[in-house]
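I opened the notebook to record what I looked up in this structure, entry by entry.

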Amino acid sequence: MKEMLLVARRDLASYLNSYWGYVVIAAVLMTDGLLFNAFALGDQPKYSTKVIEEFFYFSFGLTCIASVFMTMRAVAEEKQTGTIVLVDSSPLSASQYIGGKYIAALAMMAILILGTAYMPALVFVNGKVSYGQIFTGYFGLLLVAGAATAIGLFMSAAANSQLVAAFLTAATLGFFVISWILAKVVDPPLKDIVEYLSFYDRHFRGFGRGQIHTESVIYFVSVAFAFLTMATRLLAMRRWQ
Amino acid sequence: MIRAEGLTRYYGWFAAVQDASFEIGEREIVGFLGLNGAGKSTILRILAGLLLPSSGRVTVGGIDALDAPDVMRKRIGFLPEDPPLYREMRVGEFLRWVGRIKGRDSNHVEKALPRVLETCQLETVRDRVIAELSHGYKKRVGIAQAIIHDPDVVILDEPISGLDPQQIVDMRSVVRSLKDSATVLISSHILSEVTQTCDRVLVIHEGRIVAEGSEAELGRSLDKGSRLTMTLTGERNRVEACLERSAHVDSFALSEGDSSLVVDLTLRGDFRESLVAELVTEGIGIRGLRETMSELEQIFLQLTQSTQSASRRKAGRAPTEVRA
C-alpha cells in the first residue's frame with residue numbers, strides 16, 4: 001500500500017504541476033456549465049428534480065469524456081518517454097503501480113466532479129432540492145468515473161502512444177454508453193447482455209433520479225475491477241519482454 | 001558478484017545475444033565493448049532484470065534473476081542510454097522518490113541523498129527542476145537515481161553518449177568513484193572511454209563475447225610483441241632493401257624524421273634480436289627501438305574481423321571464440 005501511495009502521490013503532483021489536469025478540468029466545467037444553463041435550466045419552468053436529473057445526464061457524459069483525457073497519459077506517456085524503466089527495474093509490482101496510477105487519476109476525476117457542485121447549488125435559489133437526489137447522483141458519477149478511469153488506464157497500458165490510448169478509451173466507453181441502442185437491433189440472448197452493459201440507460205439513470213440500485217453499484221465496481229486486473233496482467237507480462 | 005551462464009536472447013528469429021557466459025567480481029569496473037547492435041544493451045537489460053533470457057541463467061550475489069527478480073532488482077541500479085527522468089520534478093524530490101520505490105525507507109534515503117548528490121556533483125542543482133538542466137546534469141541525475149538505494153551492482157548503458165569533452169571528463173570521475181561501493185558495468189562503443197574507465201573489457205560482436213581481459217591482455221593475445229617502431233640512421237634505399245630482404249619482417253612503413261628514419265613494422269614473430277643483427281650487419285644505425293602496444297581500436301577491429309572471417313570459413317557453424 002505504501003508503494004502504491006508513492007506512485008499515486010507522484011502522479012497527482014504531476015497532474016497538478018502541469019497544465020494538463022487544469023485544462024481538462026476547466027474545459028469540462030465550462031462545457032458542463034453551458035449545457036446546464038442552456039438545457040437543464042432552460043427557459044421554461046421545470047421541477048427542480050427534473051433540472052437536477054438533466055444536470056446529472058450532462059455530467060455523466062462529460063465525466064466519461066474527461067476520463068479519456070485524464071488517463072490517456074498515465075502509462076502510455078511513461079512508455080514513450082522511457083520513465084517506465086524506473087518501475088520495471090524496481091521491486092514495485094505491477095498491481096502497486098497500476099493501483100497508484102488509478103488512485104491519482106480517480107482523485108483528479110473526483111476534484112472535477114466536485115467542481116460541478118455549484119450547479120445544483122444554484123437550483124437552491126429558486127427551487128426545492130432533495131439532498132438525497134444530489135448525493136445519490138454524485139455517488140453515481142463517482143462510480144462512473146471509477147469504471148471509466150479503469151478502462152482508460154487499461155487502454156493506456158495497452159497502447160504505446162497517448163493518442164491511440166485516447167482513441168481506444170473513447171471507442172470502448174462509446175460502446176458502453178450506446179449499447180442500449182445496439183440492444184434494439186440485436187436478437188436475444190445477446191440483446192440482454194448488450195442491454196445490461198449500458199452505462200447510462202441501464203445503470204446510471206437511476207442515480208440521477210435519486211435511486212441507488214445495488215446491481216448498478218456492483219456493475220460499475222466490477223467493470224473497474226476487471227479493467228484494473230487486465231491492466232495489471234498486461235504490465236506484468238510486458239515487464240520481462 | 002555476477003555470473004552469467006549461456007545467456008541467449010532472441011527477438012523473434014533474431015539472436016541478439018548468443019551463449020554469453022562471464023563472471024564479474026566485486027568492486028570491478030567492467031566495460032562491454034561492441035559496435036552498435038552487437039548485443040551490449042540486451043545483455044545489460046537482462047542483468048538489470050528488465051529482460052528474460054531465452055535460455056541461460058544470471059545470478060547476482062548468488063540470487064537467481066528468475067527465482068527472485070524483485071530481490072535482485074533491489075541490488076541493482078540501472079541507467080539506460082536515455083536517462084529515465086520525470087522532467088517536472090526537482091532533482092532532490094526525484095531522487096527521494098526513486099529511493100523509496102526501490103524499497104528503501106525514508107530515513108535511509110534522507111541519509112543517502114547528500115552523499116549521492118556529492119558523488120554525482122549535483123549539490124548545486126538539488127532544487128532545480130530536471131527539465132531545466134543541461135544534458136550533462138541530466139546524465140548525472142540518471143546515475144544518481146541508479147545509486148540512491150545503495151545497490152551492489154550499477155549498470156550504465158552508454159553513460160557518456162551525447163556529452164561534451166568537459167562533461168566526459170566529469171562523468172569519468174563520477175563513474176570511477178562508484179567503484180568504492182559497487183560493481184560497475186558500462187557499455188560503450190567509444191573505445192578510449194572503455195580503456196580509461198574500466199578494469200576489464202568484454203568485447204561483444206554479433207551477440208557473442210569474442211574476447212575478454214584488460215587492454216594489455218587483449219593486446220598481448222593478438223600481437224605477441226611483434227609490432228615495433230624503430231628509429232634508424234642510414235640511406236633510405238639501403239634500409240628499405242634490408243627490410244624487404246628480411247625473412248622476419250611482415251610489413252613496414254617508413255617515414256623520414258629530422259636526421260633519421262622512423263619505421264613502423266610488424267614482425268612474423270618475436271624476432272627482435274635477429275632483426276637488429278641484420279640491420280647492424282648492413283651498417284644501419286639503430287637509435288631507438290620501441291614495442292608498439294596495439295590501440296584498443298586495432299584490437300577490436302582484429303577481433304571482430306577474425307570472428308567474421310571465422311564465421312565465413314565455417315558457414316553454418318558457430319564462430320570460434322578468441323579468448324584472452
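Predicted model: local features only at pLDDT ≥ 70, side-chain atom pairs only at ≥ 80, totals over all residues.

**Entry 1, a helix pair in chain A.** I looked up how H8(A) and H12(A) cross, and the crossing is left-handed, a label given when the near helix is turned anticlockwise from the far one by less than a right angle, with right-handed for clockwise. The helix and strand numbers I use count DSSP runs from the N terminus, with helices being H or I runs of at least four residues and strands being E runs of at least two. The axes of H8(A), residues 131–158, and H12(A), residues 214–239, come within 8 Å and cross at roughly 20°, where axes are lines fitted to C-alpha atoms, for helices over the stretch in contact, and angles run from 0 to 180 degrees between N-to-C directions. H8(A) and H12(A) are therefore roughly parallel, since angles under 35 degrees count as roughly parallel, over 145 as roughly antiparallel, 65 to 115 as roughly perpendicular and the rest as oblique.

I then listed the residues that make this contact, taking two residues as in contact if their C-beta atoms, placed from the backbone, lie within 7 Å. H8(A) contributes, among them, A:Leu143, A:Ala147, A:Ile151 and A:Phe154, and H12(A) contributes residues including A:Phe220, A:Phe227, A:Met230 and A:Leu234. By class the contact holds 19 nonpolar residues, one polar and no charged, where Ala, Val, Leu, Ile, Met, Phe, Trp, Tyr, Cys and Pro count as nonpolar, Asp, Glu, Lys and Arg as charged, and the others, Gly among them, as polar.

Residues are numbered from 1 along each chain as its sequence is written, and chains are lettered from A and ligands numbered from 1 in the order in which they are written.

How many residues of chain A are in contact with chain B? I found 16 residues of chain A in contact with 22 residues of chain B. On the chain A side, H1 (2–17) and H5 (84–88) each supply at least two residues, and the largest share, five residues, comes from H1(A). That side divides into six nonpolar, seven polar and three charged residues.

Chain B has 11 helices and 14 strands. Among contacts in chain B between residues at least 6 apart in sequence, 70% join residues at least 24 apart.

Four strands of chain B form an open antiparallel sheet in the order S2-S1-S4-S5, where strands pair if DSSP finds at least two bridges between them. S2(B), residues 14–24, and S5(B) are the edge strands, each pairing on one side only. H1(B), residues 40–47, packs on the sheet and touches S1, S2 and S4 of chain B, its direction making about 120° with that of S1(B). Five bridges join S1(B), residues 2–11, to S4(B), residues 55–60, and B:Glu5 stands opposite B:Arg57. Two bridges join S4(B) to S5(B), residues 63–64, with B:Val60 partnered by B:Ile63 and B:Thr59 opposite B:Asp64. S4(B) and S5(B) form a hairpin with two residues between them, and B:Gly61 in the turn has a positive phi of about 60°.
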